[in-house]
2 protein chains.
Amino acid sequence: MKKSVPTKIINDIERQQTVAIVGMGLIGGSLALALKAHGLAIKVLGVEADEIHAKKAMECQLVDQIVDIEGAMLQASVVIMAIPVNAAEKLLPELLNACKDHIILDVGSTKAAICKVAVAHSKGSHFVATHPMWGTEFSGPEAAQHGAFTGKAVVICSEDFSNKKALSWAENMYTTMGMHLLYMSANSHDLHAAYVSHISHITSFALANTVLEKEKEDEAIFEMASGGFESTVRLAKSNPAMWLPIFMENKENVLDVLNEHISQLKKFKSCLEKENVGYLKELMENANKITRILK
Amino acid sequence: MKKSVPTKIINDIERQQTVAIVGMGLIGGSLALALKAHGLAIKVLGVEADEIHAKKAMECQLVDQIVDIEGAMLQASVVIMAIPVNAAEKLLPELLNACKDHIILDVGSTKAAICKVAVAHSKGSHFVATHPMWGTEFSGPEAAQHGAFTGKAVVICSEDFSNKKALSWAENMYTTMGMHLLYMSANSHDLHAAYVSHISHITSFALANTVLEKEKEDEAIFEMASGGFESTVRLAKSNPAMWLPIFMENKENVLDVLNEHISQLKKFKSCLEKENVGYLKELMENANKITRILK
């Protein structure tokens, strides 16, 4: 008779190859697909409070199973939070409290607040704060994309508090997905994100409102809209449930950029008002230097 | 012995199937390709003051021959101006003076000023003011694209002064290229263009300057830039030689939109400053309505 392997050991082997993702949205769903595609997990579990999203995530075959938080901590060795930043900050202590040998990650767009939560917790070393620099204006499980992260950057902000095992796991996950790692402090991240991501969303939201306001008196205003308009306004479709907490948490940095942006717009305004063609040309030629960054 | 056809008649038949394009840039080059692709011209001539661009246009096989303005009027029955709006306004009277049975078109991004020039000229009925709603942030002959205009809108502003033959030719050209025609007054065009095109360029130029300004003290600012940033800033690569005259000519409308846009941005600013989460959410949800326009 073959000697049977104790169930506990079988469960533990399986647990080491299981990753749970909290939040079956654009990022969580795309991460689930990438984990499977790159053999980073044998089993991927999804935690999703919204029943319709949970059902959709299973239908789209993003995950193998929908579980609750307790189930995730029991069955998975890695738990990744892909939920709005304020929700992640609230959930993190709960996960850390239940933490044994787990690795906990977040993928949110602000990092200072969540790093503070981790540092303040006795088991904070199990946590790695990360921000993969990819997204679209769409949300929900149906927005998940295959190969979303390949070739993109990911910011890691936890060098100083994450334990070696957790940090290595996160680094390996992202490099296996074809991402390049950027290390910076949480404060640096939040400042940079304000300049190259958060402000773009504010300008898009505001531009959409500008034109929608005009539409109230002139219904045909969108008839002529083409690629340029679409490009500058598409982020206005972004999900307020995700972006509201980002703006509020990063409000100091966002306000700094927003003030600078308004003052740059006022330079254009002043040039037009004063017919200062020379300076207007200079402003545009300076902006052309962005070609150095965007090929 | 076969009776020979007089050279004049041969030349005239050829002339009826020849179109000249003044300006071998993004739009002129793409139009040249489309004219050939759709069999709208047997021969396409290019007029280009810049010698390097002229050479490039021939190398890229955009046109059959580079000629000067006189050559264009002599050899072609249709002349399309694809040059900066202020240059087109200057050239139009010259073309109309030399006009016999010619059809003259422009494709510029402002329409009020050029329509005024046409109306004031005794041969203004030969002119059709048009604006195909397609473009990219790139310029020059190498930026020309095959199939650029298909599925896009084109605005025609000359119903009231163009003669029937000229108008029909323009309408046929654009519909054959797969464009849908929008008719509006030059003033309506310029107002609408300010809202769905010109302001997008101003915000992109200003956003590029905002971040480039920050880069002076923080070189790593662009490390994290990804798709969202690229989308809102790409128009900042646009050619000042083309956009400067557009902004100056349409400055009243552009200033109106710019003022509205700044005031929309200030609403976001005020929400952040006052931590007015409710109103911030409302602003974002309102902006989401753009989904109705951009699918």
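## Starting in the core

Let's begin with one residue of this predicted model. Leaving aside residues up to four places away in sequence, A:I21 touches A:G28, A:L31, A:A32, A:V44, A:G46, A:V47, A:V63, A:I80 and A:A82. A:I21 also belongs to the largest nonpolar core, which has 198 residues. The residues with the most contacts inside that core are A:I21, A:V22, A:I80, B:V22 and B:I80. As a bit of background, nonpolar side chains tend to be buried together in soluble globular proteins.

## The sheet of chain B

Now over to chain B. Here 8 strands form an open sheet, in the order β3-β2-β1-β4-β5-β6-β7-β8, and the pairing is mixed. At the edges stand β3 (65–66) and β8 of chain B; each has a single partner strand, so one side of each is left without a neighbour in the sheet.

What holds such a sheet together? Strands of a sheet pair through backbone hydrogen bonds, either parallel or antiparallel.

Strand β1 (residues 18–22) of chain B runs parallel to β2(B), and 5 bridges join the two. One pairing to look for is B:V19, whose bridge partner in β2(B) is B:V44. Helix α2 (residues 26–37) of chain B sits between these strands in a right-handed β-α-β unit made of β1(B), α2 and β2(B).

The other pairing of β2(B) described here is with β3(B), again in the parallel sense, over 2 bridges. There, B:L45 stands opposite B:Q65 in β3(B). β2(B) and β3(B) also make a right-handed β-α-β unit, this time with helix α3 (residues 51–59) of chain B. How many of the residues of strand β2 (residues 43–47) of chain B are buried? The count is 4 of the 5, so β2 of chain B is largely enclosed by the rest of the structure.

Further along the sheet, strand β4 (residues 78–81) of chain B and strand β5 (residues 103–106) of chain B run parallel, joined by 4 bridges. B:V79 has B:I104 as its bridge partner in β5(B).

Which way do β6 and β7 of chain B run, parallel or antiparallel? Strand β6 (residues 127–132) and strand β7 (residues 153–156) of chain B run antiparallel, with 3 bridges between them. In this pairing B:T130 stands opposite B:I156 in β7(B). On to the next pair: β7(B) runs parallel to strand β8 (residues 180–183) of chain B, and 4 bridges join them. B:I156 turns up again here, with B:Y183 as its bridge partner in β8(B). Between β7(B) and β8(B) the chain crosses through helix α7 (residues 164–176) of chain B, and this β-α-β crossover is right-handed.

That helix α7 of chain B is where B:Y174 is found. B:Y174 has 23 other C-beta atoms within 10 Å, and it counts as buried because the cut-off is 20 or more. Beyond residues up to four places away in sequence, B:Y174 touches B:P132, B:V154, B:M179 and B:L181. Take B:V154: it is 20 residues from B:Y174 along the chain, yet their C-alpha atoms are separated by 7.4 Å.

## Two chains, one axis

How do the two chains relate? Chain A is superposed on chain B by a rotation of 180 degrees with 0.0 Å of shift along its axis, at an RMSD of 0.0 Å. That is the relation of a two-fold axis. In chain A, the C-alpha nearest the axis belongs to A:T232, 2.2 Å from it. Both copies use the same surface: 99% of the contact residues of chain A recur in chain B.

## Where the chains touch

The contact takes 79 residues from chain A and 78 residues from chain B. On the side of chain A that touches chain B, the elements giving two or more residues are β7 (153–156), α8 (186–215), α9 (227–233), α10 (240–249), α11 (251–273) and α12 (277–287) of chain A. α8(A) gives the most, with 21 residues. Sorted by class, that side of chain A has 45 nonpolar, 19 polar and 15 charged residues.

Helix α10 (residues 240–249) of chain B is worth a look too. 8 of its 10 residues are buried, so α10 of chain B is largely enclosed by the rest of the structure. Among them are B:W243, B:F247 and B:E249. The buried residues of α10(B) pack against α11 and α12 of chain A, together with α5 (85–97), α6 (112–120), α8 (186–215) and α11 (251–273) of chain B.

Key: Residues are numbered from 1 along each chain as its sequence is written. Chains are lettered from A and ligands numbered from 1 in the order in which they are written. This is a predicted model: local features need pLDDT of at least 70, side-chain atom pairs count only at pLDDT 80 or more; totals for chains, interfaces and linings use all residues. Two strands pair if DSSP finds at least two bridges between them. A crossover is right-handed if, with the strands pointing away from the viewer, the path from the first strand over the helix to the second runs clockwise. A nonpolar core is a set of buried Ala, Val, Leu, Ile, Met, Phe, Trp, Tyr and Cys residues joined through C-beta atoms within 7 Å. A residue is buried if 20 or more other C-beta atoms lie within 10 Å of its own, exposed if 12 or fewer, and partly exposed in between; C-beta atoms are placed from the backbone. Two residues are in contact if their C-beta atoms, placed from the backbone, lie within 7 Å. Copies are superposed by least squares on the C-alpha atoms of residues with pLDDT of at least 70 in both. Ala, Val, Leu, Ile, Met, Phe, Trp, Tyr, Cys and Pro count as nonpolar, Asp, Glu, Lys and Arg as charged, and the others, Gly among them, as polar.
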